[in-house]
Amino acid sequence: MAETVESPLQHHFASAEQQYEASNLGMWAFLVTEIMFFGGLFAAFIVYVTFYAQGFAEGSKHLDLTLGSVNTLVLLASSLTMAMAVRSAQLGRRGLLLLFLGVTLALGLVFLGIKSVEYTHKFHQHLVPGPGFRFDSPVAQKVQLFFSFYFAMTGMHALHMVVGAGLLTWLMVGTLRGRFSSEYFTPVEVTGLYWHFVDIVWIFLFPTLYLVARHQ
Amino acid sequence: MTHHIVPVRIYLLVFAALILLTALTVLASFYDLGGGRLHYVNAVVALTIAVTKATLVVLFFMHLRYGSRQTWVFAGAGAFWLLILLTLTMADYLSRSWLPTTLWGG
């Protein structure tokens with residue numbers, strides 16, 4: 001009954017290849033639901049930016065372009081190191097896998113750190129929607145709406161980053177325990193898919209929120 | 001198992017392209033590309049660059065280029081349904097003012 005060595009192949013799959021394909025496809029299906037989730041936020045934003053162009057432009061100009069750009073580079077770099085982590089797992093290089101997972105996690109935390117600095121600035125500048133919101137403009141209400149979108153969209157994105165950081169930590173523990181080899185690295189691969197997706201969300205968030213009105 | 005192992009060179013090239021496109025989109029955002037009249041040109045340029053960047057990530061970092069047909073169907077379905085969501089939503093809101101009504105904009 002009790003197996004001495006836990007096999008990564010679960011009994012309801014015919015082969016390791018089939019198990020891998022099923023896991024991979026399962027993560028893609030989840031990511032499609034995530035596209036629709038963030039897609040709803042983007043659709044709502046597009047509707048309002050169309051009708052309240054001026055207020056949204058004034059709000060967008062109060063975002064810190066330098067911090068936003070640096071964060072974009074940090075996240076793109078973390079995607080590169082995540083891809084390298086998956087590659088290391090494919091080759092069965094455990095030391096490299098641990099290193100790249102660690103660098104990816106560190107870059108993810110840097111992103112969240114910079115994001116928290118931006119949030120702190122917004123609180124100090126009274127740009128957080130609610131009773132404390134202060135903005136001197138005839139379209140101040142629309143500016144407040146812009147910041148509602150800003151905090152909802154970047155907040156949901158940051159929450160996904162926190163989940164991703166947890167998954168990376170879990171992968172690092174698994175690597176240290178020798179769970180992964182060139183024969184079995186599915187958790188690394190599917191976490192990679194998730195991490196890259198969160199990167200893609202930011203690729204769209206950055207121009208949508210930070211760059212929408214720079215030329216005006 | 002047979003998995004495509006992507007050369008490091010490809011990953012680095014994709015990363016370099018992503019950095020360049022980021023610089024390009026920031027740079028382009030400072031110029032009024034529509035010449036003061038066509039206000040949507042900047043948005044179209046920014047969106048085109050973002051879609052290009054996302055495509056690079058999906059094809060190479062997420063291995064879709066080397067993926068199975070089912071994976072292509074899933075990824076394609078995601079993009080297609082997103083397009084339905086955005087197109088039909090905007091078709092509604094943008095066409096509302098075409099007909100005179102007391103319910104909208106009055």
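Let's start at one residue: Arg65(B) sits in the loop between α2 and α3 of chain B. Helices here are DSSP runs of H or I with at least four residues, strands are runs of E with at least two, and numbering starts at the N terminus.

A quick word on the model. It is predicted, so local features need pLDDT of at least 70 and side-chain atom pairs count only at pLDDT 80 or more, while totals for chains, interfaces and linings use all residues. Residues are numbered from 1 along each chain as its sequence is written, and chains are lettered from A and ligands numbered from 1 in the order in which they are written.

Is Arg65(B) buried or exposed? Arg65(B) is exposed, because 12 other C-beta atoms lie within 10 Å. The cut-offs are these: 20 or more such atoms within 10 Å means buried, 12 or fewer means exposed, and anything in between is partly exposed, with C-beta atoms placed from the backbone. Set aside its neighbours within four places in sequence, and Arg65(B) is in contact with Leu59(B) and Phe60(B). Contact means that the two C-beta atoms, placed from the backbone, lie within 7 Å.

Now His63(B). This residue is found in the loop between α2 (41-61) and α3 (69-95) of chain B. His63(B) counts as buried, because 20 other C-beta atoms lie within 10 Å. His63(B) has a positive phi of about 60°, although it is not a glycine.

Step back to chain B as a whole. Its domain assignment gives domain 1 (1-67) and domain 2 (68-106). Those bounds come from an automatic or database domain assignment. The domain centres, taken over C-alpha atoms, are 23 Å apart.

On to chain A. It has six helices and zero strands. Along the sequence the pattern reads α-α-α-α-α-α. The C-alpha trace spans about 75 × 30 × 30 Å along its principal axes. Of its 216 residues, 38% count as buried. Take the contacts in chain A with a separation of 6 or more: residues 24 or more positions apart account for 77% of them.

Next, helix packing. Two packed helices are described by the angle between their axes and the distance between the axes. In chain A, the axes of α3(A) and helix α4 (residues 94-124) come within 8 Å and cross at roughly 160°. That makes α3(A) roughly antiparallel to α4(A). Axes are lines fitted to C-alpha atoms, for helices over the stretch in contact, and angles run from 0 to 180 degrees between N-to-C directions. Under 35 degrees is roughly parallel, over 145 roughly antiparallel, 65 to 115 roughly perpendicular, and the rest oblique. The residues of this contact between α3(A) and α4(A) divide into 19 nonpolar, six polar and two charged. Nonpolar means Ala, Val, Leu, Ile, Met, Phe, Trp, Tyr, Cys and Pro; charged means Asp, Glu, Lys and Arg; the others, Gly among them, are polar.

One loop in chain A deserves a stop. His126(A) is found between α4 and α5 (140-176) of chain A. His126(A) has a positive phi of about 60° although it is not a glycine. His126(A) is exposed, with 11 other C-beta atoms within 10 Å.

Last, the two chains together.

One helix pair spans the chains. α6(A) and α2(B) pack at about 170°, with their axes 9 Å apart. That makes α6(A) roughly antiparallel to α2(B). Among the residues making this contact are Ile200(A) and Phe204(A) of α6(A), and Ala50(B) and Val57(B) of α2(B). The residues of this contact divide into nine nonpolar, one polar and two charged.
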